[in-house]
Amino acid sequence: MKEYPLQDIAEPNLLKDIFPYSLPPLIKFEAPIKEMIDGKEIVFDPTEVLNRDIHITDTTFRDGQQARPPYEKEQMVKIYEMMSRLGGPNGIIRQTEFFLYTQNDRDTLDACRNLGLRYPEITGWIRASIADFRFVKEMQLKETGMLTSCSDYHIFHKQKQTRQQAMDQYIEVVETALENGIRPRCHLEDVTRADMDGFVIPFVQRLERLTENQPDHLKVKIRLCDTMGYGISYPNVALPRSIPKLIYRMKEDCGVSADRLEWHGHNDFHKVHINGSTAWIYGIDALNATLFGFGERTGNPPMESAVIEYVSLKGDLNGVDLSVITELAQYYEKEIGANIPTNYPFVGKDFNTTRAGIHAGGLRRDEEIYNIFDTTALLNRPPKVAITDKSGTDGVAMWVNNFLGLTGKDQLTVMKVAKIQRWVMDQYEKEGRLTSISDKEMEEQVAKHFPDLYAKVKK
Amino acid sequence: MKREEIAERVIKVTARELKKSPEEIKESDRFSYELGADSLKSIELVAAFEEEFDLDLDEDEALKVQTVGSAIDFFAGLLPE
């Protein structure tokens, strides 16, 4: 075992090459990834993600909307516009997809299209049926997703078809799309529970043969749909659950390039975000996401997490405006009435709120100790403290100074707020309180003990 | 201010805040151990010292003081003779 003597350095090592604070923490790969696939050692180079055009596609208005009450048209237009700003001029949020079945669906699509925004590009979503394809043509879309379910659960039990019948039906719609100059995007529903050699690979190979002579903008895209959240990111897991092997087989056995591959996940096993970013690392360019993960059952990859992961992988904002994440969350809660859990990463009311005195103490000394990155600058969300019997005088001092807007040497010390902390502790120790202290109550204490400073804030 | 006067005032404030008699308090006593001051009480004690000596203390420096004797020396270093 190698001996490691203590390095008693004069200045702290803050690992700024990984934790710049001005960006989300960076992800640095040090070596290739090796996995055994069909008895062969296959090497994946995760550093390629720096050079590939990884991006996000959106299904907020489709999978997201399936899982909640319908949005109003004006809400969808507003959300679409905010997504465009979030993804920035380089189109990190590259595409979105719309239902086309009702007049309202189509009117909403037109309203979004009329904004004239380059990104996200507007695409459709249909079942793989000729009847549905009619809507795509009428709406003059350039690309459409189509539901090409690929597990025997779906083919035999839902669709009551043989594999041949299912493939023929899907191919018919794909051919029709190509004849009309519309790019088909085949959504391989339930792929993480499908027979790869018996259906998925033959189907995708047939799709590739159909489109191999098409121009690039018409070549078929493949969306790998982890419909039930069964996908696994760990190395050397068996198919069909292995995400790395799924991607490898698409590329090696079917010839689908990274720019035509998309990942769509679900969160039934709490794996949705990591599975999505794993797909990026192992060679898929597009990660399909929804705002705040709202989607069927347990939801989809949260878009805000995907955007932040993008920055961590690329080491650069590349034009994304992370503050729109906060704007979208506020819009969802105030205008749409959605309930985002208070501890939800990046957007929950308390995602960067501490109630622990020891954490508040750390934050007071150096915000970087207990704040994940500069959430004030990037998300417009400064770290906060909430007061309970565990918050200590550090927590109270942090709350009071934040409220009064006092910084640096102007901040009140713990000695100055000790009377407020005594009041807080009396609530619990003498009055038997079991609830948190509200902001309103804290404000009343500040008004009582610091009337002059309070008056300045309230002016 | 002479050290003796500072000592008398430190012990007086300590006794009042920690509900001890001044005679019980020795310079070697640790506020948080022999004198039983918890975290909040320690801060209230420092706040009481600020009031007693009309000082605004540096939080980190003041809260490092562990014993009655070192508190006396601390204030002796801050107050004019």
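The model is predicted: local features need pLDDT of at least 70, side-chain atom pairs count only at pLDDT 80 or more, and totals for chains, interfaces and linings use all residues. Residues are numbered from 1 along each chain as its sequence is written, while chains are lettered from A and ligands numbered from 1 in the order in which they are written.

**Overall build of chain A**

- Chain A has 17 helices and twelve strands. Both are DSSP runs numbered from the N terminus: helices are H or I with at least four residues, strands are E with at least two.
- Its C-alpha atoms fill a box of roughly 75 × 65 × 40 Å along the principal axes.
- Of the 459 residues of chain A, 43% count as buried. Buried means 20 or more other C-beta atoms within 10 Å of the residue's own; exposed means 12 or fewer; partly exposed is in between, with C-beta atoms placed from the backbone.
- Among contacts in chain A with a separation of 6 or more, 69% join residues 24 or more positions apart. Two residues are in contact if their C-beta atoms, placed from the backbone, lie within 7 Å.

**Helix α9(A)**

- Helix α9 of chain A spans residues 272-281 and is mostly covered, with nine of its ten residues buried.
- Among the buried residues are Val272(A), His273(A), Trp280(A) and Ile281(A).
- The buried residues of α9(A) pack against α8 (243-252), β9 (261-264), β10 (286-289) and α10 (303-314) of chain A.
- Just after α9(A), Gly283(A) takes a positive phi of about 125°.

**Helix pair α12(A) and α14(A)**

- The axes of α12 (residues 357-365) and α14 of chain A come within 7 Å and cross at roughly 50°. Axes are lines fitted to C-alpha atoms, for helices over the stretch in contact, and angles run from 0 to 180 degrees between N-to-C directions.
- That angle makes α12(A) oblique to α14(A). Under 35 degrees counts as roughly parallel, over 145 as roughly antiparallel, 65 to 115 as roughly perpendicular, and the rest as oblique.
- From α12(A), the contact uses Gly357(A), Ala360(A), Gly361(A), Leu363(A) and Arg364(A); from α14(A), it uses Gly392(A), Asp394(A), Gly395(A), Ala397(A) and Met398(A).
- These residues divide into four nonpolar, four polar and two charged. Ala, Val, Leu, Ile, Met, Phe, Trp, Tyr, Cys and Pro count as nonpolar, Asp, Glu, Lys and Arg as charged, and the others, Gly among them, as polar.

**Contact between chains A and B**

- Nine residues from chain A and nine residues from chain B make the contact.
- On the side of chain A, α14 (392-404) and α15 (418-429) are the elements that give two or more residues.
- α15(A) gives the most to that side, with four residues.
- The residues on the side of chain A divide into four nonpolar, four polar and one charged.

**Backbone exceptions**

- Most residues other than glycine have a negative phi, and most peptide bonds are trans.
- A cis peptide bond joins Tyr119(A) and Pro120(A), with omega about -5°. Pro120(A) lies in the loop between α3 (103-113) and β5 (121-127) of chain A.
- Another cis peptide bond joins Leu239(A) and Pro240(A), with omega about 5°. Pro240(A) lies in the loop between β8 (221-225) and α8 of chain A.
- Tyr21(A) has a positive phi near 75° and lies in the segment before β1 (33-37) of chain A. Tyr21(A) counts as partly exposed because it has 17 C-beta neighbours inside 10 Å.
- Asn318(A) has a positive phi near 50° and lies in the loop between α10 and α11 (323-336) of chain A.
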